Amino acid sequence: MNYYGYTGKRLDIDLTMSTWTVSELSPEVLSRYIGGKGLAARIVYDEVDPGCDPLAPENYLVFATGPLTGTLAPLSGRTVVGTKSPLTGIWVDSNAGGFLGPELKRAGYDVVVIKGKAASPVNVLIEDSLISFKPADNLWGLDAEETHNRLKNEYGDDYRVACIGPAGEQMIPISAIISEMRGFGRGGVGAVMGSKNLKALVVHGTQTLKIFDPEAFMRINQEAYNELTIHPDTGGGRQRYGSNVIYSAMNELGVHPVRNFQSSVNEHAEALSEDRMREDLVVKDKACFGCPVACSKFSTVKKGKYKGEYTEGPEYENTWAFGSQCGNGDYGAVVAAEHICDMYGIDSISAGNAIGFAMECVQRGIISKEEVGYDLEFGNTESMIQMLHQIGKGEGVGLLLGLGTKAAAEKLGQGSDVFAMHVKGLELPAYDPRAAYAMGLAYATSDRGGCHLRSWPIAAEGLQHNGRIDPFSIEFKAEFVKNEQDLISIVDSIGMCLFATFALNPRQIVRLMYSITGQERFKEIGDVLESGERIYNLTRLFNLREGVEPDTLPPRLLDEEMPDGPAQGNRTPLKEMLEEYYFIRGWDEFGTPGQEKLAQLGLD
Amino acid sequence: MLIFDTKICTGCRVCEQTCFQVHYQGTVEDGSKIKVASRWPEKETVSVCRQCSNPKCLEACPSEALQQVDGVIQIDHEKCTQCYLCFDACPFKARVIDQKGYPNFCDTCDGKYQCAQMCPAKALKRGGHQ
């Protein structure tokens, strides 16, 4: 079989037996599930037993790439890690840029499935068709940055690394996998890697990919580059400020949550604005593989208490998580906190959200000062940093917060679940749906829990000049969110970055897919969008099989009025939007896909 | 010739991929003529024949495998012994080897320098003495 764009190979690594097998992927599956998220979901759905413990050897950890990964197509450096999440108990696919995916493709694999559990810590080294298992006892316990340095010194700078830090080793449910100092953050994928005793995946490849129609590809590609360059976001603001480009706008719209969603008026909006970041912190622009945007920044703190701290970032979500979520106005502390997260290998959104939750517990007297051992109150940056270390090490109250906000609220009781800001166990990021209703629907119906990356209606509700929709209306919201979820399922599956969709329309993306792969099913945009819907329904079926909670939001967002800001007095009208959403999806009133829909998508 | 600014290179490797596509249409046995090397966080370097105006590699080659045609260095694979003395002489420390083991020289894409045209950060540019 001659594949274009794909390598057509699947690598299975069994850590229990220290064996590996290479098998051919069926073209039918590739054309229906595309790659990346879709392929990982299909593999986990078919091969992991229902009700499997996420941290058991039987669970799979799937590294998947898409047909665009590793080609010249813009923003094509993404890799997906798919598994059953130890944090939420449902599907999780965590997505990161960098260079791991392209290197996996050059080594000759579309997807690497890791299963079993090694007897002692190991590294898996993939060099084209040569797979070796190396003891990793000397690396166990080291932080992610040191692990990277040692492995790169041993193998060379052109070997790509994905590893866990001490948090993943201890299977802390909010831990992340760190690859080239970028994170597969959400849903506790690091804990799954730790449960398999796998410290690091080291990859080097020397093969090349075949392109179906090179001339058409170069032409479409050049058009796409031009679009990205002239777009005000990807060619302007995002290049200068990274994802923090939206910071001031979010504050003005009242979307930016403050002190665990207790307010939307941020007294530190000026001190943490994107201009302060660019002027005071940024040293250098950095890019993932094949990306003309270069939204990543290398930043160092040049003055103040945290002088000398450095990180790749800070991103918008982290500026919120360690900024206004914790009542902090010191950018240096944000940089320090982000770096600590990268070192331990923990999800910065979950960690920041959980610390903000604990701070509110202290404010309300649910956790006493004696239990914490120090002043954990809003605005105390030193306590925030100290708590972050405790989460990474699994000590004291940090051990509780490392379980995630949902589990922490269940253990604490005393009504703390009202302000535990999570959906299905995954901590919410930096958008308050009371000021942008569609975001509430996007959180509630996201297939991995409280997440902003399955649909990001904020752009249409608050940022765009053209096609802007009213943030305080429920009109068209269900249809909008459903369409975006389907489109982003495709983007996550082809190995492209979500930011590409700001400048490129779906038609351009489909033309890129067809010129690279030549697959008949990628010729028409309708077929491709149906694949997106198929993938979203498949993850829904997986979640229903594993026993997902009903689609809802934290009580604070549904019942408490927004106290201040532009959205003052609002609650999230979720019920109305949800009914319409289920109708459009072809799901029943409990969110179960109907037989008719499943038959149409070929999932019955 | 090509000039390169390490301070503004973002390490995205569009130059590498462009070189692949332009020379081999993606159906390759050979490597790219330009290689990027990075070390987190700040170090980005490229290794590529710059096609400079004062090529030291010409003098260094003991087997007369290199010659300058219209100002562009070309290599004769039949004469090349893969001694890599040309690399040692290069003032820009270029060291790119193709899969057969021969030094891989930039051919300037007929003077178009496609990699420099595609470079998003404009770190790679045409320059020097033309």
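**Exercise 1. Find which residues of α18(A) meet which residues of α20(A), then describe the packing.**

*Solution.* Start with the contact list. Two residues are in contact if their C-beta atoms, placed from the backbone, lie within 7 Å. On the α18(A) side stand A:Tyr437, A:Ala438, A:Leu441, A:Ala442 and A:Thr445. On the α20(A) side stand A:Lys477, A:Ala478, A:Phe480 and A:Val481. The model is predicted: local features need pLDDT of at least 70, side-chain atom pairs count only at pLDDT 80 or more, and totals for chains, interfaces and linings use all residues. Residues are numbered from 1 along each chain as its sequence is written, and chains are lettered from A and ligands numbered from 1 in the order in which they are written.

Next, sort by class. Ala, Val, Leu, Ile, Met, Phe, Trp, Tyr, Cys and Pro count as nonpolar; Asp, Glu, Lys and Arg count as charged; the others, Gly among them, count as polar. The contact of α18(A) with α20(A) has seven nonpolar, one polar and one charged residue.

Now the geometry. Axes are lines fitted to C-alpha atoms, for helices over the stretch in contact, and angles run from 0 to 180 degrees between N-to-C directions. The axes of α18 (residues 437–445) and α20 (residues 477–494) of chain A come within 10 Å and cross at roughly 50 degrees. That makes α18(A) oblique to α20(A). Angles under 35 degrees are roughly parallel, over 145 roughly antiparallel, 65 to 115 roughly perpendicular, and the rest oblique.

**Exercise 2. Describe how α2(A) packs on α20(A).**

*Solution.* Take the angle. Helix α2 (residues 36–47) of chain A meets α20(A) at about 90 degrees, and the axes are 4 Å apart. α2(A) is therefore roughly perpendicular to α20(A).

Then the residues. A:Gly36, A:Lys37 and A:Gly38 of α2(A) meet A:Ser489, A:Asp492, A:Ser493 and A:Ile494 of α20(A). By class, that contact holds one nonpolar, four polar and two charged residues.

**Exercise 3. Is A:Trp20 buried or partly exposed?**

*Solution.* Locate it. A:Trp20 is in strand β2 (residues 19–24) of chain A. Helices (H or I, at least four residues) and strands (E, at least two) are DSSP runs, numbered from the N terminus.

Count neighbours. A residue is buried if 20 or more other C-beta atoms, placed from the backbone, lie within 10 Å of its own, exposed if 12 or fewer, and partly exposed in between. A:Trp20 has 19 C-beta neighbours inside 10 Å, so A:Trp20 counts as partly exposed.

List its partners. Leaving out residues up to four places away in sequence, A:Trp20 touches A:Leu11, A:Asp12, A:Ile13, A:Asp14 and A:Ile131. A:Ile114 is 94 residues from A:Trp20 in sequence, with 9.4 Å between their C-alpha atoms.

**Exercise 4. How many residues of α3(A) and of α1(B) are buried?**

*Solution.* Begin with α3 (residues 100–107) of chain A. Eight of its eight residues are buried. Among them are A:Glu103, A:Lys105 and A:Arg106. Just after α3(A), A:Gly108 has a positive phi of about 105 degrees.

Move to α1 (residues 14–24) of chain B. Eight of its eleven residues are buried, so α1(B) is largely enclosed by the rest of the structure. The buried set is B:Val14, B:Cys15, B:Glu16, B:Gln17, B:Thr18, B:Cys19, B:Phe20 and B:Gln21. The cover includes α7 of chain A, with β2 (35–39), α4 (114–118) and β6 (124–126) of chain B. Just after α1(B), B:Gln25 has a positive phi of about 50 degrees.

**Exercise 5. What does each chain bring to the contact between chains A and B?**

*Solution.* Chain A gives 23 residues and chain B gives 21 residues. On the chain A side, α7 (214–230) and β13 (282–286) each supply at least two residues. The largest share, three residues, comes from β13(A). By class, the chain A side has 13 nonpolar, two polar and eight charged residues.
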